[in-house]
Amino acid sequence: MRELVILSGKGGTGKTTVAGGLAALWAGRAIFVDADVDAANLHLLTRPERLATAPFVGGKLAVVDGDRCTGCGACTARCRFGAMEDGRVRAVECEGCGLCAIVCPEGAVRLTERINGEWNLSRTAYGLLLDAELSPGEGNSGKLVSVLRDEGRKAAAREGVDRIVVDGPPGIGCPVMASLAGAHTVLAVAEPSIAGLHDLRRVLELAAHFEIPCVIAVNRADVSPLFTQAVREEASRRGAPVLAEIPYDPAVTSCAAAGLPITSRPESPAARAVGRLAQGLHALFSAS
């Protein structure tokens with residue numbers, strides 16, 4: 001089984017456009033995971049039918065038994081997060097560390113499972129999709145990404161497919177690192193700009209740290225030939241081949257507005273470029 005993670009180092013480069021195109025071109029041959037648990041959007045291009053939803057328990061939350069609490073203030077004094085006040089728990093501040101339960105002389109505080117969000121399994125016209133949503137103000141996004149990827153592997157085994165494609169979160173932080181663990185290939189989607197080049201370097205360095213091979217697709221490559229050439233040079237220096245250069249194409253916007261992947265307009269320049277990218281990735285998977 002091959003796991004491809006699509007990253008960019010920043011938002012807005014076109015990761016989901018590429019992921020949606022691959023979903024359509026590899027229909028029935030891959031499981032797709034949207035690992036941006038803070039702002040999932042791959043479902044907007046794949047029109048999923050929800051099959052199942054499960055809660056995500058990412059930590060613990062302190063709960064006070066009002067009948068046993070004497071209001072002594074021991075928990076308030078010792079909580080370094082300011083989550084305890086007059087026998088009440090401020091859920092947003094609570095980190096679930098459990099110190100309050102230890103110091104309470106009356107045993108009035110206990111820890112319960114904290115539901116931080118939910119994850120979903122859906123069926124689309126192109127195959128199964130897993131995505132998730134953190135509840136407002138909740139954390140542990142990296143842990144939720146790990147849950148999604150584990151469920152993706154289980155789904156791939158059930159469906160008998162040999163590919164998992166992860167539409168990764170932006171940046172290089174905890175959820176990105178969780179999306180990389182155990183992956184086989186990183187597809188870095190770069191944009192030809194100062195910020196795009198800077199963030200591409202961050203992704204390449206992160207992939208190198210985890211010793212994961214990296215390939216590149218340049219999105220809107222014709223907008224700035226100067227920076228596209230800079231991306232090519234960076235790719236050559238890092239040993240990361242450029243598999244596709246996707247031109248700016250108004251069809252990308254019109255397809256997204258209609259809730260369709262770019263490959264629904266196969267005659268468009270962007271769709272043809274994504275098709276070449278899919279062929280290059282397929283050849284890479286077949287050779288490894």
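## The largest pocket

In this predicted model, the largest pocket has a volume of about 500 Å³. Its lining is made up of 30 residues, and Thr 13, Gly 14, Lys 15, Thr 16 and Thr 17 are the ones that lie nearest the centre. If you are setting up a view of the site, that run of residues is a handy place to begin looking.

H9 provides the largest share, with four residues. By class, the lining of the largest pocket holds 14 nonpolar, ten polar and six charged residues.

## The second largest pocket

Next comes the second largest pocket, with a volume of about 180 Å³. It is lined by 13 residues, and those closest to its centre are His 43, Arg 50, Asn 120, Asp 131 and Glu 133.

Sorted by class, the lining of the second largest pocket has five nonpolar, three polar and five charged residues.

## Where H1 meets H10

On the H1 side, the contact is made by Val 18, Gly 21, Leu 22 and Leu 25, while H10 brings Val 274, Gly 275, Leu 277, Ala 278 and Leu 281. Seven of the residues in the contact of H1 with H10 are nonpolar and two are polar, with no charged residues.

## Where H7 meets H8

How are helix H7 (residues 194–209) and helix H8 (residues 225–238) arranged? They pack at an angle of about 15°, and their axes are 10 Å apart. Angles under 35 degrees count as roughly parallel, and H7 and H8 are therefore roughly parallel to each other. The crossing of H7 and H8 is right-handed.

From H7, the residues in contact are Ile 194, Leu 197, Leu 200, Arg 201, Leu 204 and Glu 205. Facing them in H8 are Phe 227, Ala 230, Val 231, Glu 234 and Arg 238. The contact of H7 with H8 comprises seven nonpolar and four charged residues, with no polar ones.

Note on methods. Residues are numbered from 1 along each chain as its sequence is written. This is a predicted model: local features need pLDDT of at least 70, side-chain atom pairs count only at pLDDT 80 or more; totals for chains, interfaces and linings use all residues. Side-chain values use heavy atoms; hydrogens and water are left out. On a 1 Å grid over the protein atoms alone, a cavity is a set of points where a 1.4 Å probe fits but cannot get out, and a pocket is an open set with protein on both sides within 12 Å along at least five of seven lines; lining residues have an atom within 4 Å of a point. Grid points are joined across faces, edges and corners, and a volume is the space filled by probe spheres set on the points. Helices (H or I, at least four residues) and strands (E, at least two) are DSSP runs, numbered from the N terminus. Ala, Val, Leu, Ile, Met, Phe, Trp, Tyr, Cys and Pro count as nonpolar, Asp, Glu, Lys and Arg as charged, and the others, Gly among them, as polar. Contact means heavy atoms within 4.5 Å. Axes are lines fitted to C-alpha atoms, for helices over the stretch in contact, and angles run from 0 to 180 degrees between N-to-C directions. Angles under 35 degrees count as roughly parallel, over 145 as roughly antiparallel, 65 to 115 as roughly perpendicular and the rest as oblique. A crossing is left-handed if the near helix is turned anticlockwise from the far one by less than a right angle, and right-handed if clockwise.
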